[in-house]
Amino acid sequence: EETSLQFQTWILLIALSAIGLQFGLPGIAWAAVLASAHISIRLCRLALRSINSSASELFSALAPVIQLCAIQFMGSLALFALLFWVNADLPDLLYTVLMVGNAITIYTLAFLFFTPKKLIPEANRWREKIGLKPIQG
């Protein structure tokens with residue numbers, strides 16, 4: 001079943017890329033995001049069935065990471081809006097580097113300084129490696 005899902009996702013990615021092509025690199029990137037979301041959801045359902053688990057257990061385990069991703073998404077959306085608002089006509093490579101660098105920076109800062117409770121031990125491990133005080137809590 002997994003092979004079938006991967007094939008379906010490739011077909012979806014090709015179709016979405018054909019549509020996104022008219023918007024340039026951002027359109028292709030959004031096509032990849034949507035195709036990735038599609039296969040992630042479908043593979044998650046398959047995995048949950050395989051291990052007899054529930055979606056609520058999965059979401060409970062993923063909640064801290066979802067919080068960090070939400071912060072990252074808002075930061076990426078803010079940069080996108082700023083670039084759109086100032087009508088920045090950037091070369092595709094520079095646009096990609098800015099967006100990826102922004103996303104990495106925001107996620108890392110959120111992880112280190114706005115750490116969800118379940119991730120405090122892992123954040124403290126990384127904070128120690130870079131010379132920051134551990135989070136109490």
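This is a predicted model: local features need pLDDT of at least 70, side-chain atom pairs count only at pLDDT 80 or more; totals for chains, interfaces and linings use all residues.
Contact here means heavy atoms within 4.5 Å. Helices (H or I, at least four residues) and strands (E, at least two) are DSSP runs, numbered from the N terminus.

View 1. Residues are numbered from 1 along each chain as its sequence is written, and side-chain values use heavy atoms, with hydrogens and water left out. On the α1 side (residues 2-20), the contact uses Glu2, Leu5, Gln6, Gln8, Thr9, Leu12, Leu13, Leu16, Ser17 and Gly20. Across from them, α2 (residues 25-50) brings in Gly27, Ile28, Ala31, Ala32, Leu34, Ala35, His38, Ile39, Arg42, Leu43 and Leu46. Sorted by class, that makes twelve nonpolar, seven polar and two charged residues (Ala, Val, Leu, Ile, Met, Phe, Trp, Tyr, Cys and Pro count as nonpolar, Asp, Glu, Lys and Arg as charged, and the others, Gly among them, as polar).

**View 2. The geometry of the α1 and α2 pair.** The two axes sit 8 Å apart, at an angle of about 160°; axes are lines fitted to C-alpha atoms, for helices over the stretch in contact, and angles run from 0 to 180 degrees between N-to-C directions. α1 and α2 are therefore roughly antiparallel (over 145 degrees; under 35 is roughly parallel, 65 to 115 roughly perpendicular and the rest oblique).

**View 3. A salt bridge from Glu1 to Arg49.** The closest N and O atoms of this pair are 3.0 Å apart; a salt bridge is a side-chain nitrogen of Lys or Arg within 4 Å of a carboxyl oxygen of Asp or Glu. Glu1 belongs to the segment before α1 and Arg49 to α2, so the pair ties together parts that are 48 residues apart in sequence. The whole structure has two salt bridges.

**View 4. α3 against α4.** These axes come within 9 Å and cross at roughly 145°. From α3, the contact includes Val65, Leu68, Cys69 and Phe80, and from α4, it includes Tyr95, Met99, Ile106 and Phe111. By class, this contact has 15 nonpolar, four polar and no charged residues.

View 5. Phe111, Leu112 and Phe113 of α4 touch Glu122, Ala123, Trp126 and Arg127 of α5. That set divides into five nonpolar, no polar and two charged residues.
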